[in-house]
Amino acid sequence: MRLSRYFLPVLKENPSEAQIVSHRYMLRAGMIKQSSAGIYSWLPMGFKVLRKLENIVHEEQIRAGHVPMLMPTLQSADLWRESGRYDGYGAEMLRMKDRHDRDMLFSPTAEEMFTDVFRSHVKSYKDLPLTLYQIQWKFRDEVRPRFGVMRGREFFMKDGYNFDLTKEDALHAYNRHLVSYLRTYERMGLQAIPMRADSGPIGGDYTHEFLVLAETGESEVFYDSEITDLKFGDREIDYDNHAECQAVLEEFTSRYARTDETHDEAAFNEVPEDRRCTARGIEVGQIFYFGTQYSEALGATVQTPEGKNVPVHMGSHGIGVSRLLGAIIEASHDDKGIIWPEGVTPFHVGIVNLKQGDEEADAACEALEKSFDALGLEALYDDRKERAGGKFATMDLIGLPWRITVGPRGLKNGVVELTSRRTGESVEMPPEEAVKKIAEIYADHRVSGL
């Protein structure tokens, strides 16, 4: 992609309304534009990263055996009255009436909708277990939306719902989701720590929250430092194997890690003093088991092998996809701008032409662009007639992990400069070697997205 043909409205100054790093850099890097309080337009580069995150979530959910679908954003109030939550949910629910004076709402969550679909079509234990999910826009009317996409009113979210015959089966679904989330976050370059959490308005006896450590986190967290050494890595998991999933859950939840809502000072003090840590955390996902709460209220039953109708056991599992952009930036940036992990970067490499209009430099940049395109890798070629300093500043701000700098002086010696955004280290090498190096780097990262 030629930068001269791309829509990237970069800002040179820090916006006054941006209070945290991710909000500031997303505005400055031309990723979002505020439409109204807590609601944003997703500009091309922001939308590109959002779609990459969405695709990773889809891939890992499908790998775990979950089935994607899509629910409407507008819901009838009737289902919520059936479940007893319409009046109790609170002012965050955006309520409205249609032209026939029927009560409607903009979906803040979708337990009722999924349960209604299930009860309409599934009648036998033979159709279980079943996990359905969607990635869809939600709306919660926050009193004080702030911090950009970190706490907006409109947000893009994955919400999944499992339906199982027994509690034991439902808890396996719970464990399976925890494992799939660990894989998902690591692919995004994040370490998201599962922590025992409060279930909030959704309810339920079992719940873990996934938090990314960051100074701007909304929650205070308490944890054993050993948990930050744990990596899921490239291990293969049989999601149908209850014992295997349970072993992973125990590995990642056996050490102390809790939010301030569920913190137990006595239990925390049992952790060796040199491993007791407190920090701030950003919530990026949560899983719940809530038993038959919704299935009983909405009549979602199946027939058992003995011919008895019983309510199914359920759980829900969410990932804040749009919030993840902010969390990644909060966890990976410096004073120059964003530093994207390779797994979610909008473009895999940036190409900077130091002398646009020079025949040899132009030809070399175009050849690099074509080489990457042939490999299925996306390059952002800065072909603007602008000073080198301005081009470097833009590349640093938007945070592409790798940059190739091309200039007449280097080309006379048969080399270009390959620079790591994360370390700042640069190496000169022939153009074809730079392409090979980038291809090798991304061979270790599943290329995903638009």
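Mentor: With rings. Rings of Phe, Tyr and Trp count as a pair if their centres lie within 6.5 Å. This model is predicted. Tyr 174, Tyr 206 and Tyr 289 form one aromatic cluster.

Trainee: How many aromatic pairs does the structure hold?

Mentor: The count is 14. Take Tyr 185 and Phe 210: their centres are 5.5 Å apart, with 45° between the planes. Planes under 30 degrees apart are stacked and those over 60 are edge-to-face, so this pair is tilted.

Trainee: Which parts of the chain does that pair link?

Mentor: Distant ones. Tyr 185 lies in helix H5 (residues 167-187), Phe 210 in strand E10 (residues 206-213). They are 25 residues apart.

Trainee: Are Tyr 185 and Phe 210 buried or exposed?

Mentor: Buried means under 20% relative accessible area. Tyr 185 has 1%, so it is buried. Phe 210 has 0%, so Phe 210 is buried as well.

Trainee: Which charged ends sit over the ring of Tyr 86?

Mentor: That of Arg 81, 4.5 Å from the ring centre, and that of Arg 95, 4.9 Å from the centre.

Trainee: Which residues of H2 are buried?

Mentor: Recall the general idea: an α-helix has 3.6 residues a turn, so residues three or four places apart point the same way. In H2 the buried residues include Met 45, Val 49, Leu 53, Ile 56 and Glu 60.

Trainee: What comes just after H2?

Mentor: Gly 65, with a positive phi of about 90°.

Notes. Residues numbered from 1 in each chain as written. Predicted model: local features only at pLDDT ≥ 70, side-chain atom pairs only at ≥ 80, totals over all residues. Heavy atoms only, no water. Phe/Tyr/Trp six-rings, centres within 6.5 Å; stacked < 30°, edge-to-face > 60°. Helix = DSSP H or I, 4+ residues; strand = E, 2+ residues; numbered from the N terminus. Buried < 20%, exposed > 50% of the residue type's maximum accessible area, 1.4 Å probe, protein only. Lys NZ or Arg CZ within 6 Å of the ring centre and 35° of its normal.
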